Amino acid sequence: MTSANVSPGTTRAGGAAGGRRGRPGGPGAAGGAPTARARRPRRRLRLPPRLLPYLLLAPAVVAELVVHVVPIAVGVWMSFRDLTLFYIRDWAKAPGKGLGNYRIAVDFDAAIGKDLLGSFLVTVGVTVLAVGLSWLLGTAAAILMQERFRGRGLLRAAFLVPYALPVYAAVMTWGFLFQRDTGMVDHVLVDQLHLTGGDRPFWLIGGNSFWALLTVIVWRSWPFAFLVLMAGLQNVPRDLYEASALDGAGVWRQIRHITLPALRPVNQVLVLVLFLWTFNDFNTPFVLFGKAAPDGGDLVSLHIYQTSFITWNFGAGSAMSVLLLLFLLLVTAVYLIATSRRRTARA
Amino acid sequence: MPETAAPAAGRRRAPTDPPASFRWTRRIVLTFLAVFTLVPVYAMISSSLKPLKDVQGAFHWLPSEPTLRPYVDMWSTVPLARYFANSVIVAVGATAASVVIAIGAAYAVSRYRFAGRRVFTVTVLSTQMFPGILFLLPLFLIFVNVGNATGIALYGSRGALILTYLTFSLPFSIWMLAGYFESIPRELDEAARVDGCGPVGALLRVIVPASLPGIVAVTVYAFMTAWGEVLFASVMTNDQTRTLSIGLQGYSTQHEVYWNQVMAASLVVSVPVVAGFLLLQRFLVTGLTAGAVK
């Protein structure tokens, strides 16, 4: 907690009193003379020339321009070019193609468009399930571990391990566990629990790959939800619980009426971030399946990557990437509008 | 919403335990999660101690005869030491650059009102949502063609990888540090200014020391991001500059998969980041809380 009146001796007398802003959501205006500081004009640091903030920002701006903004612009340009293998080393010569690349990408009767659509649908399925499950597990763990109990610190550390592991190390381990003949998953399901009636299912090829991929993604992403929600819970004022306990509310009622509503702003961001990460996930399927992903695990980023680097048709790959971006922008915009409207409607 | 009544001093909540239904739910759910989380980690550790014949046959929970051989052999099956050195160079370089740049940018965003401030924050944060594959193809082409035109070898160089990785952690770092800096009272800056510091002096002598936990948190985050990146490493590196994320897959392109060595190597490359993360996760939680205050 930062207290607003630190080191009163060194500041100019009467010059600066009170932080620029109180702590939002804090328990009311905590003491202090509130009227005087509310209208104080925003203090500007006089000494530096106006250029200083721009100077401080310049490195960040340059880096973002070089790695993000310019490549996006170039990517859009590429999507209108016939940028095939012959032009990779001399891209300026690539002839224009109009909307040709987009037409190929969305022609669902031909092989390329059909595969893209299939990959898109698999991605939607994995994303919806993974975001839902990660959120559910993260919320459950964060709420159940809100109160102190013996071993809580240790358990919290254990839960965060999957998130802290480098992606490739974690996913390669799962790749080992999902091996048909030497893996742990089939050993438990077939040899120890006898659930499959003697069949040894494949996990990394065929339809089961969808479930294998989902498992790995949830394993890796629920700890992130847990971490963020734990941080969110620290902002819930304790006296709300105390007051409701005095009113006779049990722990389940408190969860429903205090904890979950208080987490709503955190959830709004969390669900969006989980959605974007899962939808754009390349690392997990790439490490789990190698260069040739089965249909069930062919997430759209990996699909575009393979299409681009196997055929060396960067024009078509860029068109697909742009379509992906447009889709994500649309979903994000709709999501933000819908969730903010619901929030303002409630207020 | 219940009224936030300030309870009188004597009527504080009695230290009653939560009801049995809650305790049982807690036990069951947390046990399930612990098993789900830790079984793969256990399998990773136990398999790294197995002789090769164990991982070639049916799975067993315990090694038939525990051995440290995989930890010795893994260095010669693939050039692991070189990958390791590359990863360290790239991750340390990207982390240092990212944190320094983020501190400057966050200071500008939190302490100054200037034209373009909002455009900057929105643009930077929104790059976070863009799919990596969207930058990958153009960036690859840019590096190849700039290299062709100027003779500067960007494609395949560690420098290009550092530049790329530092932008991945930058948006989150700026956002979080700006939130952190906001929570530091401005009187502290002003006191430093009275004592004769310039704005940069105030940043270095007052703000940075006061927000050390936040800085530690973004350092951990930036390092983890760079250490674990796969997509760009798979395209932007060559034999000499290959990092661990791609190098480790070398164990399985041989005609045999040395799973015990894969597990041993995975463990060795994971221990530093996991240990660092677990030690410093408290700062990350405080940092997230401070950032969320914004």
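A: Chain A has 14 helices and 0 strands, where helices (H or I, at least four residues) and strands (E, at least two) are DSSP runs, numbered from the N terminus. This is a predicted model, in which local features need pLDDT of at least 70 and side-chain atom pairs count only at pLDDT 80 or more, while totals for chains, interfaces and linings use all residues. Residues are numbered from 1 along each chain as its sequence is written, and chains are lettered from A and ligands numbered from 1 in the order in which they are written.

On the side that touches chain B, 101 residues of chain A are in contact with 94 residues of chain B; contact means that the C-beta atoms of two residues, placed from the backbone, lie within 7 Å. Helix H2 (residues 51–78) of chain A gives the most to this side, with 16 residues. By class, the side has 67 nonpolar, 24 polar and 10 charged residues. Ala, Val, Leu, Ile, Met, Phe, Trp, Tyr, Cys and Pro count as nonpolar, Asp, Glu, Lys and Arg as charged, and the others, Gly among them, as polar.

The UniProt record (unreviewed entry) places the feature "transmembrane region" at several spans of chain A, including residues 51–80, 120–145 and 210–233; positions follow the numbering used here, feature names are shortened, and annotations may be inferred rather than shown by experiment. Residues 120–145 of chain A are 96% helix and 0% strand, with end C-alpha atoms 37 Å apart. Residues 210–233 of chain A are 100% helix and 0% strand, and their end C-alpha atoms lie 33 Å apart.
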